[in-house]
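Me: I have a model open and want to go through a few local features. Can you take my questions one by one?

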Amino acid sequence: MDNLIKVKIEVAGASYTIATTEQEGYVRDLAKEMSEDIDSLMVRNPSLSMNDALVLCSIAYLSEYKKEAANCDHIRSQLKEYLGDTARARMEADEANRRADKLAKEVEELRRRYGV
């Protein structure tokens, strides 16, 4: 594994040690955000157990992840289309430039031939 580090975090009052390749500050920020989300959920719904709050937060995170993944797939698809359009436009521009060069040479030849 690439530079695996251990990071001790606290989520909703429970301590965990996580082995990760991510930066420690990033992992701590995730833990803090999750803890805040759980605390907020439990304050709004005092009858929730810790497990209920964890499950609800997990479902919300998974839903957000799946929506973002689908959005990324859509953006990738659009980008492929745009790159294809760009390649076609570049080929058309190159062809137009070749035709313009050919026509310019023909015009120059005709001017030389007819002294214009």
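Me: Which residue forms a salt bridge with Glu24?
Reply: Arg28 does, and the closest N and O atoms of the pair are 2.8 Å apart. Bear in mind that this is a predicted model.

Me: Where do Glu24 and Arg28 lie?
Reply: Both are in helix α1, four residues apart, which is about one turn of the helix.

Me: How many salt bridges does the count come to?
Reply: Five. Among them is the one between Glu95 and Arg98, with 3.0 Å from N to O. Another joins Arg112 and Glu109, at 3.4 Å from N to O.

Me: Why are Glu95 and Arg98 separated by about one helical turn?
Reply: Because they are three residues apart in helix α2. Arg112 and Glu109 are also three residues apart in helix α2, so about one helical turn separates them.

Me: And the accessibility of Arg112 and Glu109, what is it?
Reply: Arg112 is exposed, with a relative accessible area of 57%. Glu109 is partly exposed, with 33%. For Glu95 the value is 38%, which is partly exposed.

Me: Switching to pockets. What is the volume of the largest pocket?
Reply: About 300 Å³.

Me: Which residues line the largest pocket?
Reply: Tyr26, Leu30, Glu33, Met34, Tyr61, Glu64 and Tyr65. By class, the lining has five nonpolar residues, two charged and no polar.

Me: Which helix gives the most to the lining?
Reply: α1, with four residues. Both α1 and α2, the latter spanning 50–114, supply at least two lining residues each.

Me: Tyr65 is in that lining. Is Tyr65 buried or exposed?
Reply: Tyr65 is exposed, with a relative accessible area of 55%. Tyr65 lies in helix α2. The C-alpha atoms of Tyr65 and Glu22 are separated by 18 Å, and the two residues are 43 apart along the chain.

Me: What does Cys57 touch, not counting residues up to four places away in sequence?
Reply: Asp37, Ile38 and Leu41.

Me: Last one, Ser35. Where is Ser35 placed?
Reply: In helix α1, which covers residues 24–44.

Me: Is Ser35 buried or exposed?
Reply: Ser35 is buried, since its relative accessible area is 13% and the cut-off for buried is under 20%.

Me: What is Ser35 in contact with, leaving aside neighbours within four places in sequence?
Reply: Glu10, Val11 and Ala12.

Key:
Residues numbered from 1 in each chain as written. Predicted model: local features only at pLDDT ≥ 70, side-chain atom pairs only at ≥ 80, totals over all residues. Heavy atoms only, no water. Buried < 20%, exposed > 50% of the residue type's maximum accessible area, 1.4 Å probe, protein only. Contact = heavy atoms within 4.5 Å. 1 Å grid on protein atoms, 1.4 Å probe; cavity = no way out; pocket = protein on both sides within 12 Å on 5 of 7 lines; lining within 4 Å. Points joined across faces, edges and corners; volume = space filled by probe spheres on them. Nonpolar A, V, L, I, M, F, W, Y, C, P; charged D, E, K, R; others polar. Salt bridge = Lys/Arg side-chain N within 4 Å of Asp/Glu carboxyl O.
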